[in-house]
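Q: I would like to learn how to read a few features of a protein model. Please take them in turn.

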Amino acid sequence: MKIKALILFIFCFNTIQSQEFIPLWSKGKMPNTKGMKLEHIEERERITQLAQPGMYAFFTSKEENTGSAVLICPPGGYAKLTYNIAGFQFAKWLNTMGINAFVLIHRLPTSPDLVEREKGPIQDAQRAMKIIRSNAVKWEINTSKIGVMGASAGGHLATTLGTHTEDYSSIKDNLDQFSFQPNFMVLISPVITMGKFAHKGSLENFLGKNPTQSQLDSFSNENRVTITTPAAFIILAQNDPVVNPINGILFYQSMIEKNISGSLHVFPEGGHSIALMNNPKSINVWTKLCEEWFFDLGLFDKTKTEITSNKNNLLKTNRF
């Protein structure tokens, strides 16, 4: 098993070594751990166990850098991380717009090393955002233009980052001074609620088989929207057979009630496999809609969006 894991790790490393891997925690400082030494387990570009949480940095060119950045939370039902399909590919797309991107490789709540399962992913996401903000000057990033993006269960983690205010990642070091809240959110077929319309797999993987009602209420993120929640762009497919699109609608409804700016788009087709392009029928325009929304947020000049149409044709299209 160890030899197999090593081979998989080497293969994975060779395919992504051009991207900088940034560890989230220094040795001995990672919170919420039993101290176990875990091996990296991965198959078909889907990570099911981590040896070290971190994030892969996709920096845009200096000439096209808009000063914006996005932390991407990969999908996988909180049981795996589909980091390429809805991680690296999204990062490359963001780069074409001059947006720096960071793909989060977080601990899974199913990890045997975690003391409190649901806090692991949140701690890693909060820490990643703090690292981005702490390096803003070095990386030429505007701290008012840092967002989060997530698909499926990654959307739940993204909205947790945007709606929960408790700092689970504090370890009393110099990063504690930096905010972990994003300035905007991009949500694709997101898991949001832990209630009636919950995605059962994500719920059980995240909170376990016997969650308390308090946990269910607390991590139903439509309940956590406040006047400080950042703006959100939400894409849904009505025929999604995996995550009920009502998840995203519930979140948008809460945003309306709190007068939070948002953009909701529900397409009749797309299922639970919304990709960058080659989607069924009209949903294929979602990337253009998102680019226009970025422009409305003031992330970049209108002229910078014009370079994306040709570049997007070069991107590899996958589904999660």
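Q: In which loop is the place of N278?
A: Start with the elements: helices (H or I, at least four residues) and strands (E, at least two) are DSSP runs, numbered from the N terminus. N278 has its place in the loop between β10 (262-267) and α9 (286-297). This is a predicted model, in which local features need pLDDT of at least 70, side-chain atom pairs count only at pLDDT 80 or more, and totals for chains, interfaces and linings use all residues. Residues are numbered from 1 along each chain as its sequence is written, and side-chain values use heavy atoms, with hydrogens and water left out.

Q: How many helices and strands are there in the protein chain?
A: The protein chain has eleven helices and ten strands.

Q: Why is N278 exposed?
A: Buried means under 20% relative accessible area, exposed over 50%, and partly exposed in between (1.4 Å probe, protein chains only). N278 is exposed because its relative accessible area is 57%. Its phi is near 60°, a positive value in a residue other than glycine.

Q: What is the phi of E45, and where is its place?
A: E45, which is not a glycine, has a positive phi of about 60°. The place of E45 is in the loop between β2 (41-43) and β3 (46-49). E45 has 33% relative accessibility and therefore counts as partly exposed.

Q: Which residues does H106 touch?
A: A contact means heavy atoms within 4.5 Å. Leaving aside residues up to four places away in sequence, H106 touches L50, L81, P121, D124 and L157. For the protein chain, among contacts between residues at least 6 apart in sequence, 80% join residues at least 24 apart.

Q: How many aromatic pairs does the structure hold?
A: A pair of aromatic rings is described by the distance of the centres and the angle of the planes. Rings of Phe, Tyr and Trp (its six-membered ring) pair if their centres lie within 6.5 Å; planes under 30 degrees apart count as stacked, over 60 as edge-to-face and the rest as tilted. The structure holds 16 aromatic pairs. F206 and F219 form one that is edge-to-face, with 5.1 Å centre to centre and 85° between the planes. This pair links distant parts of the chain, 13 residues apart: F206 is in helix α6 (residues 200-207), and F219 is in the loop between α7 (213-218) and β9 (231-237). F206 and F219 are buried.

Q: What are the distance and angle for W293 and F294?
A: W293 and F294 form a tilted aromatic pair, at 6.1 Å centre to centre and 45° between the planes. Both are buried.

Q: Where does G298 lie, and what separates its C-alpha atom from that of K145?
A: G298 lies in the loop between α9 and α10 (302-305). The C-alpha atoms of G298 and K145 are separated by 8.5 Å, although the residues are 153 apart along the chain. With 35% relative accessibility, G298 counts as partly exposed.

Q: What share of the residues of the protein chain counts as buried?
A: Of its 320 residues, 56% count as buried.
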